[in-house]
Amino acid sequence: MGATGRTDDGRGRLGGRLSGAAVALGCLLFLGGFVWGAFCYQPYTVPTGSMTPTVNAGDKVLAQRVDGSEVRRGDVVVFKDPEWGDAPMVKRIVGVGGDKIACCGDDGRLTVNGIPMDEPYLRASGRASAQDFTAEVPEGRLFLLGDDRTVSLDSRVHLEDAVHGSVPRDAVEARLDAVAWPLGSMIDRPEAFAALPGGVSSAGPLRLQLTAMAAGIVLILGGAAYGPLAARAARPKRSAKPEAAAGVR
């Protein structure tokens, strides 16, 4: 090793250390984000088209594992209630305990405690439901509707039950945050419900996890590429051979 502090392959010792540190940090970020995501999120396949266009039948979605006490109006949740069937279902919460749900008002909109709701996520324009209905949500329970209300079998089907079509909060298994395939899009919280008491739920950590994984990949690739690039840059340039002087042998 010469006085310049370079290793035999032409890389500076400091550069080599920084390269190794970048790869190590990249692995930490990528694996940390992946493990964190696997701990927080559960993949599901949407069983029906009742939530079109937000999610379609067959879509692969990522749902954050949450307790039923954490969900708010506007959330799209995965739940399982024996009264609704044996399979997990995906619907949107439009009412919580104590709410009075009615449809439809003079303008055709769903109302929550007398306040009309703008629902841009609905598949069909016009009335928010083909059938008029009213319901009072018991404490500790949720009222759920599909986004395609022309086909959705939701709380409206169970209105004659003693609990007015609601399901218990502890029936909730997870809250949808993103469509993983085929759209690859996030599922935002509706603004209309933000003005009601309790507001809407906060976004899950999925964006942060994806950012950590992407940063990890960049650091791994950048650190791994540094060695060959530095070695090539440090390689001495070949000088052209001087042409033999004329007449000199």
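Trainee: How many residues sit between S11 and S12 in the hairpin?
Mentor: There are 3. Gly184 lies in that turn, with a positive phi of about 65°.

Trainee: Before we go on, what kind of model is this?
Mentor: It is a predicted model: local features need pLDDT of at least 70, side-chain atom pairs count only at pLDDT 80 or more, and totals for chains, interfaces and linings use all residues. Residues are numbered from 1 along each chain as its sequence is written, and side-chain values use heavy atoms, with hydrogens and water left out.

Trainee: Back to S11. Why is it largely enclosed by the rest of the structure?
Mentor: Because 7 of its 10 residues, in the run 172–181, are buried. Buried means under 20% relative accessible area, exposed over 50%, partly exposed in between (1.4 Å probe, protein chains only).

Trainee: Which other strands does S11 run antiparallel to?
Mentor: S2, residues 60–65, is joined to S11 by 6 bridges. Val61 has Val179 as its partner there. S3, residues 76–79, is joined to S11 by 3 bridges. Val78 partners Ala174.

Trainee: New topic. Is Ser50 buried or exposed?
Mentor: Buried, at 5% relative accessible area. Ser50 lies in the loop between S1 (41–45) and S2.

Trainee: What does Ser50 touch?
Mentor: Leaving out residues up to four places away in sequence, its contacts include Val90, Lys91, Gly146 and Asp147. Contact means heavy atoms within 4.5 Å.

Trainee: And where is His158 found?
Mentor: In the loop between S9 (141–145) and S10 (167–168). His158 counts as buried, at 16% relative accessibility. Among the residues that His158 touches are Glu83, Trp84 and His164. His158 and Trp84 are 74 residues apart in sequence, yet 8.6 Å apart in space, C-alpha to C-alpha.

Trainee: Zooming out, how many helices and strands are there?
Mentor: The protein has 2 helices and 12 strands. Helices (H or I, at least four residues) and strands (E, at least two) are DSSP runs, numbered from the N terminus.

Trainee: What share of the residues is buried?
Mentor: 42% of the 249 residues. Of the contacts with a separation of 6 or more, 66% are between residues 24 or more positions apart.

Conventions: Two strands pair if DSSP finds at least two bridges between them.
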